[in-house]
Amino acid sequence: MLRAVGVADIDELFESVPAAVRLGRPLDLPDGLSEMETASSLRALADANTPATRLVSFAGAGCYDHYIPAIVDHVVRRPEFFTAYTPYQPEASQGTLQNIYEFQTMICELTGMDVANASMYDGATAFVEAALMASRITKRHKVVVVGSVHPEWRVVLRTYAASGNIEVVTCPVEDGVINPATAAMLVDDSTAALLVSSPNFVGHLEDLAALGEVAHAAGALFVVSVNPILSGVLEPPSSFGADIVVGEGQPLGNPMSLGGPGLGFFACRQAHLRQLPGRIVGRTVDVDGRGAFVLTMQTREQHIRREKATSNICSNHALNALAAAVYLSAVGVAGLESVGRACVAKAHYLREALLATGKFDAPYSAPFANEFALRYTGDAAAMHAEMVRRGFLAGVDLGAIDPGMDGLVLFAVTEKRTKAEMDSLAKEVASL
Amino acid sequence: MNPADLRYDKEHEWVRVEGDSAVIGISDFAQDQLGEVVYVDLPSVGDVLAVGETFGEIESVKSVSELFAPVSGTVVEVNDELDSAPESINSDAYGAGWMVKIKLADPAELDGLMSSVEYDAFVANEA
């Protein structure tokens, strides 16, 4: 390559840089490795972690071990998708735009909303963007978030609130769910939105119908975060008057990957389209009348609206969104329902099996879906560590995330878990 | 070139005085500069406009511009047709493309606006 551009060595490329600012010595880097040596080195690093293929996982809390059909990787690993960056002349990448458009359409179908964006970084930031959007729409600055939302999402919300654009008020949790009457005392005519997630952090289903009414009675927007893997078995948030629906899309065809990259999805009612953050792909016809995809409604974005843009995001998680779209295409409507049923049925089976060991108490009685919390009668952290040694990820020790939840263990069950695995978990825990 | 019965401001808005009210829109030069208008964000009846301050926004396919009040007053009528036909601003900037009608707060402000002759010259200089 040096010969092709007509220089003798790499130093010649830097000759125009003044000598006074040049380093003047070689960089202190080790010699390059061959592909074989590099692969071996990376494998050794990776082996320091235990993948879900070697641990039977009952851990959730926002990141789940669902089955990823082989076709997902087959499509996602195509170099046209895998290594392509966000197109800045988007109309030149019709295939990329089409798959985002399909993803957006699927999100609308799952959530019952009218329009969805091209995706955001993760559920947490999508959740916060919904709060900011509600503030812009209502011209109010207070948001009420329920305390049963994932604690890490609420930390992200507080990070944004520190900018001074929104004030965050938290509705306390009662018996693992939100009491609509309590929320009603906090939601008033200075509230931009009531922010809820269902299932909530400990797996319970919230009373969305009542909470939606609380929000609307005060003229606030109703923002609901959902787990899309349950869309085949739970009523969509649109049935409860949701104005904005967000969530973490990782369960759809995306691996856990030690917690990321995530997939934030964001959908809203048609009336609020102009305040939607993020990129949106639209479908139109070109000058010759042929169908085409474009990035649309770009006047919301910062490259046109600058400081008045709906968000500073100018990208999306295209590869994760593609994986989700391929997953949904592969399982289909019936398949998604069947996955949801399996998760819910198995979670209910496991809860009974664990309670039967006598090593757990049930702190809550509220209805749940694919996830539930139990109180361990001994040292939860020690139990967890020993279970890892025995080949199980025995839920998530909530005390490690939130000191107020010390002793609680959150178990998630996906369609991948077999009856034999669940019986084994119960048996091992019982023997501790 | 531009209708003689209207008055104009430096932000390319026009004003048609009707008794103690005024109808406001953007000039032909402005619509041409913007390109195809796709959306207009207008105030509501009852809103108060202050001369020189923004009262709305106008969007074309790849740009957004603010609308500045050429005179002060209270909005009494808004052209709702622009919701479904924003392109009227391109095809008929002085007629069907009208935006708001206001009750004038201070008719003396009209003296600060340009006549059509002055506006033609102003545009010729800008271009």
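The views below show a predicted model.

View 1. Helix α9 of chain A spans residues 208-217, and its buried residues are A:Leu208, A:Leu211, A:Gly212, A:Val214 and A:Ala215. Viewed down the axis of α9(A), these buried residues lie within an arc of 155°, so they line one face of the helix. An α-helix has 3.6 residues a turn, so residues three or four places apart point the same way. On the face turned away from the buried side, α9(A) carries the exposed residues A:Ala209 and A:Ala217.

**View 2. Surroundings of helix α9 of chain A.** A:Gly219 follows α9(A) and has a positive phi, near 75°.

**View 3. The crossing of helices α6 and α7 of chain A.** The axes of α6 (residues 123-138) and α7 (residues 151-161) of chain A come within 9 Å and cross at roughly 45°, which makes α6(A) oblique to α7(A). The crossing of α6(A) past α7(A) is right-handed. From α6(A), the contact is made by A:Gly123, A:Ala124, A:Thr125, A:Phe127, A:Val128 and A:Ala131; from α7(A), by A:Glu152, A:Trp153, A:Val156, A:Leu157 and A:Tyr160. The residues of this contact comprise 8 nonpolar, 2 polar and 1 charged.

**View 4. The contact between chains A and B.** Chain B contributes 4 residues to the contact and chain A contributes 4 residues. On the side of chain B that touches chain A, the residues divide into 1 nonpolar, 1 polar and 2 charged.

Notes:
Residues are numbered from 1 along each chain as its sequence is written. Chains are lettered from A and ligands numbered from 1 in the order in which they are written. This is a predicted model: local features need pLDDT of at least 70, side-chain atom pairs count only at pLDDT 80 or more; totals for chains, interfaces and linings use all residues. Two residues are in contact if their C-beta atoms, placed from the backbone, lie within 7 Å. Ala, Val, Leu, Ile, Met, Phe, Trp, Tyr, Cys and Pro count as nonpolar, Asp, Glu, Lys and Arg as charged, and the others, Gly among them, as polar. A residue is buried if 20 or more other C-beta atoms lie within 10 Å of its own, exposed if 12 or fewer, and partly exposed in between; C-beta atoms are placed from the backbone. Helices (H or I, at least four residues) and strands (E, at least two) are DSSP runs, numbered from the N terminus. The arc is that of the directions from the helix axis to the C-beta atoms. Axes are lines fitted to C-alpha atoms, for helices over the stretch in contact, and angles run from 0 to 180 degrees between N-to-C directions. Angles under 35 degrees count as roughly parallel, over 145 as roughly antiparallel, 65 to 115 as roughly perpendicular and the rest as oblique. A crossing is left-handed if the near helix is turned anticlockwise from the far one by less than a right angle, and right-handed if clockwise.
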